Amino acid sequence: MGGVMLLLLSCLSAGAMMVGAEDPYLFFTWNVTYGIIAPLGIPQQGILINGQFPGPNINSTTNNNIVINVFNNLDEPFLLTWNGIQQRKNSWQDGTLGASCPIPPGHNYTYRFQVKDQIGSYSYYPTTAMHRAAGGFGGLRVNSRLLIPVPYADPEDDYTVLIGDWYSKSHTTLQKFLDSGRALGRPDGVLINGKSGKSKGKEEPLFTMKPGKTYKYRICNVGLKNTLNFRIQGHPMKLVEMEGSHTIQNSYDSLDVHVGQCLAVLVTADKEPKDYYMVASTRYTKTVLTTTAVISYTNGKGPASPVLPEAPVGWAWTLNQFRSFRWNLTASAARPNPQGSYHYGQINITRTIKLVNSARREGGKLRYAINGVSHTNPATPLKLAEYYGIADKIFKYETMSDDAPATASDKITLEPNVANVTFRTFVEIIFENHEKSIQSWHLDGYSFFAVAVEPGRWTPEKRKNYNLLDAVSRHTVQVFPKSWAAIMLTFDNAGMWNLRSELAERHYLGQELYISVLSPERSLRDEYNIPDNALLCGIIKDLPKPPPYTI
């Protein structure tokens with residue numbers, strides 16, 4: 001009996017689960033504080049969650065209700081976004097400055113959301129200021145329900161690997177650089193789960209593996225700027241999932257993971273029993289930054305070899321790897337029906353939006369834009385302005401055109417950038433990158449089909465090269481230099497959704513927009529009401545609440 005009580009108490013402290021007629025609930029209390037960290041050996045101010053850097057992993061299952069009470073003990077407003085969680089009908093919980101007010105210093109806010117009809121590997125991180133450069137990020141996994149078959153045997157264990165580039169300067173210093181018109185420059189190192197290895201064979205193992213057993217590794221790039229290549233000495237990786245989709249299970253010696261992206265691989269411990277390095281290194285950079293972490297066999301007898309596996313060179317290799325990623329049409333994801341029962345390639349496109357990213361100095365200060373518009377966040381969040389019926393006082397819809405003007409890179413306008421997309425329409429979005437650096441785009445509230453990534457400029461004739469059968473359904477896509485990417489999706493999730501560059505300095509300096517998807521019925525079937533505990537700010541703070549949505 002005492003053991004049962006201890007187990008119950010430990011469950012309650014870690015995040016309790018209640019089972020009733022509803023889907024289970026997971027409860028968490030997070031204290032967000034500053035603390036001194038030294039991931040590159042240099043003490044700096046970090047952002048901790050419950051004293052942890054990186055933050056706690058969230059381990060959930062399809063349809064779980066997640067309740068997280070976040071106490072902001074920083075001296076600045078703070079918000080967290082749940083990267084890749086679709087927040088069905090519930091952009092109120094998305095944690096972006098266009099959808100909700102940030103948590104003021106010394107206050108708390110309780111996020112309540114359901115991981116509805118999703119499985120897979122995700123992450124969370126701060127969307128305010130440059131907080132992401134100080135920490136506050138972590139892993140978020142959504143396991144399959146027991147009744148839904150998974151297209152591989154249960155692994156011996158399930159590990160989260162957060163990789164990312166890192167600056168040894170504080171987030172406030174980096175923010176001052178950007179505010180003064182400077183770019184961030186080259187990162188100082190690369191981290192694996194908040195640490196940088198020294199490659200001397202003496203580190204404590206980050207993970208252990210039993211001989212002959214197979215393990216799942218969920219790898220997320222939670223960095224700020226650089227694509228990273230990930231590999232494990234002597235061990236091929238079988239790709240099984242990418243951002244919520246089961247994939248065709250190809251084997252890879254190394255994988256490029258772009259900023260904001262997550263994937264899951266299976267690794268079998270069938271080599272000589274000793275230590276091995278997992279390696280993460282920057283791609284497309286003049287100076288390659290590399291870090292390592294140790295994986296140890298439980299019966300291992302020797303250190304890892306100091307000879308690290310080499311990373312690929314150039315982005316043509318990555319493009320070919322992207323083309324090898326395919327949706328597993330016969331596997332079931334969150335629901336019993338096979339993924340491939342959704343025939344996206346047979347749906348008529350109702351609108352094409354072409355987005356061109358650009359960089360320019362305005363008044364001597366660097367700004368990044370989409371179709372000539374560099375987004376600014378008004379004091380009243382866009383979603384709240386819409387809900388309270390005062391959108392016309394805060395922003396204009398469609399300030400940018402669906403096709404980037406020829407002068408998009410010559411002139412930049414600073415204002416809120418909000419597109420209005422009709423509910424339940426099937427839309428094609430083209431990302432065109434005229435710059436010399438790689439880009440990574442993420443869309444909140446949805447997954448989309450990444451049907452093409454190609455060099456050059458997009459034209460309608462390029463549609464004949466689209467993958468209209470088994471493109472992976474995902475939430476983030478990279479665009480190579482002087483290249484384009486095409487995605488397709490149905491906008492069936494009402495709300496205010498952020499489309500952003502995942503590269504932190506570009507996002508901070510305006511390379512994002514919001515897509516407003518309005519339910520014409522103002523019905524609870526399409527969208528939830530504003531939460532009772534919603535934080536209010538800007539000009540709606542003292543206004544009476546509008547009448548709630550009804551069935």
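In strand S31, which residue is the bridge partner of His442?

Modeller: That's Thr476. One caution first: this is a predicted model, where local features need pLDDT of at least 70 and side-chain atom pairs count only at pLDDT 80 or more, while totals for chains, interfaces and linings use all residues. Residues are numbered from 1 along each chain as its sequence is written, and side-chain values use heavy atoms, leaving out hydrogens and water.

Now the neighbourhood. S28 (residues 439–443) and S31 run antiparallel, joined by four bridges. (Strands are DSSP E runs of at least two residues, numbered from the N terminus; two of them pair if DSSP finds at least two bridges between them.) Both belong to an open sheet of five strands with mixed pairing, in the order S26-S34-S33-S28-S31. S26 (418–420) and S31 (476–479) are the edge strands, each with a single partner, so one side of each has no neighbour in the sheet. From one strand to the next, the twist averages 20°.

Residues from these strands turn up in side-chain packing too. Val477, in S31, is one of the residues with the most contacts inside the largest nonpolar core, which has 33 residues. (Such a core is a set of buried Ala, Val, Leu, Ile, Met, Phe, Trp, Tyr and Cys residues joined through side-chain atoms within 4.5 Å; buried means under 20% relative accessible area, with a 1.4 Å probe and protein chains only.) Ile515 is on that list as well, alongside Leu355, Ile429, Phe431 and Phe491.

Definitions and conventions: Axes are lines fitted to C-alpha atoms, for helices over the stretch in contact, and angles run from 0 to 180 degrees between N-to-C directions. Buried means under 20% relative accessible area, exposed over 50%, partly exposed in between (1.4 Å probe, protein chains only).
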